[in-house]
Amino acid sequence: MEKTFMMVKPDGVQRNLIGDITSRFEKKGFQLVGAKLMQIPTSLAEEHYGEHKEKPFFGELVEFITSGPVFAMVWEGEDVIATARNMMGATKPAEAAPGTIRGDYGVIVGKNIIHGSDSPESAEREIGLFFNSEELVDYQKNDLNWIY
Ligand code: DAT
Ligand code: MG
């Protein structure tokens, strides 16, 4: 089954959105297989956002993502990578549809509440950056026959 890396960013944690966000993915039918509250070290932030290192906002981005704890998660399910991106909404909250996480809670691009992997390659890379294999739990949920 496909897995994706997601995290509630420091603004989402401070704004008490961990419960709402995890609840959305749970109710959708996805399965949580790993999660932790953590403070990201600068070196990990720079590696995670490496694709943006030439962008003018890179410094701000690293500063923001290390400015407080994040809630890092791995979610599993069919097409979870693309579906979770849809549930997050567009990068710029002003362009994110109502009903999406960024559309409902974000205002500016620099504080857009949530991160989610954008492809199978980035999901594999990001899960490996944030989680050891022992931190991911392989288990069978009882409701799977009612989702699939
Ligand atoms: P996403 O988080 O939707 O995958 P991205 O990978 O293009 O978006 O950018 C990563 C993060 O960088 C994004 O969530 C917020 C920040 N960011 C993107 N574009 C920005 C901009 N023009 N100004 C400031 N921050 C920006
Ligand atoms: Mg991205």
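Where does Asp 79 lie? Asp 79 lies in the loop between strand S3 (70–76) and H5. The model is predicted. Find that loop, then look at the backbone there. Asp 79 has a positive phi of about 55°. Yet Asp 79 is not a glycine. For Ile 113, look in the loop between helix H6 (101–105) and S4.

Now turn to the ligand. Which residues surround ligand 1? They are Lys 9, Tyr 49, His 52, Phe 57, Leu 61, Arg 85, Thr 91, Arg 102, Val 109 and Asn 112. Sort this shell by class. Four residues are nonpolar, three are polar and three are charged.

Three of these side chains deserve a look of their own. Start with Thr 91. One of its polar side-chain atoms lies 2.5 Å from an oxygen atom of ligand 1. Go on to Arg 85. Here a polar side-chain atom is 2.8 Å from an oxygen atom of the ligand. Finish with Arg 102. An N or O atom in its side chain is 3.0 Å from an oxygen atom of ligand 1. What about the ligand's surface? On its own, ligand 1 has 520 Å² of accessible area, and the protein covers 76% of it.

Next, consider the space itself. Ligand 1 takes up the space of the largest pocket. How much space lies in this pocket? The answer is about 630 Å³. The largest pocket is lined by 25 residues. Closest to its centre are Tyr 49, His 52, Phe 57, Leu 61 and Thr 91. Those five also belong to the shell around ligand 1.

Trace the lining along the chain. By class, the lining holds seven nonpolar, nine polar and nine charged residues.

Two of these elements link back to the start.

Notes:
Residues are numbered from 1 along each chain as its sequence is written. Chains are lettered from A and ligands numbered from 1 in the order in which they are written. This is a predicted model: local features need pLDDT of at least 70, side-chain atom pairs count only at pLDDT 80 or more; totals for chains, interfaces and linings use all residues. Side-chain values use heavy atoms; hydrogens and water are left out. A residue is near a molecule or strand if one of its heavy atoms lies within 4 Å of it. A polar contact is a pair of N or O atoms within 3.5 Å; within protein, one must be able to donate a hydrogen and the other to accept it, and residues adjacent in sequence count only if both atoms are side-chain atoms. Accessible areas come from the Shrake-Rupley method with a 1.4 Å probe; for residues, only the protein chains shown count as cover. On a 1 Å grid over the protein atoms alone, a cavity is a set of points where a 1.4 Å probe fits but cannot get out, and a pocket is an open set with protein on both sides within 12 Å along at least five of seven lines; lining residues have an atom within 4 Å of a point. A molecule sits in a cavity or pocket if more than half of its atoms lie within 2 Å of its grid points. Ala, Val, Leu, Ile, Met, Phe, Trp, Tyr, Cys and Pro count as nonpolar, Asp, Glu, Lys and Arg as charged, and the others, Gly among them, as polar. Grid points are joined across faces, edges and corners, and a volume is the space filled by probe spheres set on the points. Helices (H or I, at least four residues) and strands (E, at least two) are DSSP runs, numbered from the N terminus.
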